[in-house]
Amino acid sequence: MDEAAAAREATRAFLRQAAHARPPAGPASADIVLLVVSELVSNAIRHTDGPCTLHLALQGESVDVRVTDTSPHPPEPRAPHTEGTGGWGWLLVDQLTTNVHIEPAPGGGKTICARIPW
C-alpha cells in the first residue's frame, strides 16, 4: 500500500471513531475530510523529498488535519487545468476548510493545518 492509500485508510478508521464520539454535521462530512487528507498527503509526497506525517484530531465540531513534510516552502497555488492535469488541490483544500494555514515544523519542514466542519 502506498503512503497516500495508507493515509486514507487511517483517516477512514479515525472517522469511524469520530462518528461514534460526535455524529458528523452532514452526510458529506467524512468525504470532505478524506478528500482534504488525500490532497494534502499526495501533494506532500509529490512535491517534497522525504517522509510526511498525518495527524487527525476531533476538536469540538471540527476535524483538525495536520500534514507535516520536509520542505520549508509553502504550497504554490496553480491555475486549475480543465483537461485534468492538476491545479485543483489547493483550491479544493481552501474551499472545503474553514481554516487552513502553514506552520514551520521542527527540522526545517512545514505543517499544513486544516480545519474541517464535522
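Mentor: Let's start with a term: a disulfide is a pair of cysteine sulfur atoms within 2.5 Å. Also, this is a predicted model, where local features need pLDDT of at least 70 and side-chain atom pairs count only at pLDDT 80 or more, while totals for chains, interfaces and linings use all residues. Residues are numbered from 1 along each chain as its sequence is written, and side-chain values use heavy atoms, with hydrogens and water left out.

Trainee: How many disulfides does a search of the whole structure find?

Mentor: Take Cys52, whose closest cysteine sulfur is in Cys113. Cys113 is in no disulfide either. The search of the whole structure comes back with zero.

Trainee: Is Cys113 buried or exposed?

Mentor: Buried means under 20% relative accessible area, exposed over 50%, and partly exposed in between (1.4 Å probe, protein chains only). Cys52, at 24%, is therefore partly exposed. Cys113 has a relative accessibility of 5%, so Cys113 counts as buried.

Trainee: What is the order of the strands in the open sheet?

Mentor: Strands (E, at least two residues) and helices (H or I, at least four) are DSSP runs, numbered from the N terminus, and two strands pair if DSSP finds at least two bridges between them. Here β1 and β2 pair over seven bridges, eight bridges join β2 to β4, and β3 and β4 share six. The pairing is antiparallel, and the order of the four strands is β1-β2-β4-β3.

Trainee: Which strands stand at the edges?

Mentor: An edge strand here has a single partner, so one side of it is left without a neighbour in the sheet. That describes β1 (53-59) and β3 (99-104).

Trainee: Which residue of β4 is the bridge partner of Thr68?

Mentor: You can follow the pairings residue by residue. Ala57 stands opposite Asp64 in β2, and Ile102 faces Ile112 in β4. For Thr68, the bridge partner in β4 is Thr111.

Trainee: How many of the eight residues of β4 are buried?

Mentor: β4 pairs with β2 and also with β3. The strand is mostly covered, and its buried residues number six.

Trainee: Which residue in the hairpin of β3 and β4 takes a positive phi?

Mentor: Look at the five residues between the two strands. The phi in question is near 90 degrees, and the residue is Gly107.

Trainee: What volume does the largest pocket have?

Mentor: On a 1 Å grid over the protein atoms alone, a pocket is an open set of points where a 1.4 Å probe fits, with protein on both sides within 12 Å along at least five of seven lines; lining residues have an atom within 4 Å of a point. Grid points are joined across faces, edges and corners, and a volume is the space filled by probe spheres set on the points. For the largest pocket that comes to about 530 Å³.

Trainee: Which element gives the most to the lining of the largest pocket?

Mentor: There are 26 lining residues, and the closest to the centre are Asn43, Arg46, His47, Pro75 and Glu76. At least two residues each come from α2 (29-47), β2 (62-69), α3 (89-96) and β4 (110-117). With eight residues, the top contributor is α2.

Trainee: Where does Arg78 lie?

Mentor: Arg78 has a relative accessible area of 49%, so it is partly exposed. Its C-alpha atom is 8.5 Å from that of Leu91, 13 residues apart along the chain. Arg78 sits in the loop between β2 and α3.
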